[in-house]
Every structure is written in C-alpha cells, then in structure tokens.
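The paragraphs below go through one chain, from its overall contacts and surface to single residues. Please keep the sequence and the model in view while reading.

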Amino acid sequence: CSSDLYDAELALGHMGEQIGGELVASIDALQSPPLKPATIARKKFAKPLVASGDMRKSVAHEVGKLRE
C-alpha cells in the first residue's frame, strides 16, 4: 500500500533528523583525547574536532524512495 511507504519514508526521515542531531551533539560534547599544546597554540582553542566547523555543518541525511 502506498500509504505504508509514505509512513516508512516519513519515519526514516525523522530518524535521520534525530541521528543527525545526536551526531552534532556528540561532536560538540567531545573533550578527549585532549589536543597537544602545539595544536592548541595553532588553533587558539582546545576543542577537539573543531577547526572550521565543516564537519559539524556537513552532517546530513537523505531518505531515498522506497519501492512498493
């Protein structure tokens, strides 16, 4: 039934949004391993996985069309 496929696509879309949000939150919360002093001096901050913010901004999801 096509309404079942729509419900599945909708559910998968919501799941992708949820997982993406959790991934961004884990990037934001990460504190280890600590950066080396030379890296902190170069970056001017001590947050791991953050340089340009590109990794955080690239988190996305896509749901393909499901077949009947």
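A contact here means heavy atoms within 4.5 Å. Among the contacts in the chain with a separation of 6 or more, 52% are accounted for by residues 24 or more positions apart. This is a predicted model, in which local features need pLDDT of at least 70 and side-chain atom pairs count only at pLDDT 80 or more, while totals for chains, interfaces and linings use all residues. Residues are numbered from 1 along each chain as its sequence is written, and side-chain values use heavy atoms, with hydrogens and water left out.

The chain has 3 helices and 0 strands, where helices (H or I, at least four residues) and strands (E, at least two) are DSSP runs numbered from the N terminus. From that end the order is α-α-α. Of the 68 residues, 15% count as buried, meaning under 20% relative accessible area, against over 50% for exposed and partly exposed in between (1.4 Å probe, protein chains only). Carbon and sulfur atoms hold 60% of an accessible surface of about 5500 Å², computed by the Shrake-Rupley method with a 1.4 Å probe; for residues, only the protein chains shown count as cover.

Helix α1 (residues 2-29) includes Gln-18. The C-alpha atom of Gln-18 lies 9.8 Å from that of His-61, 43 residues apart along the chain.
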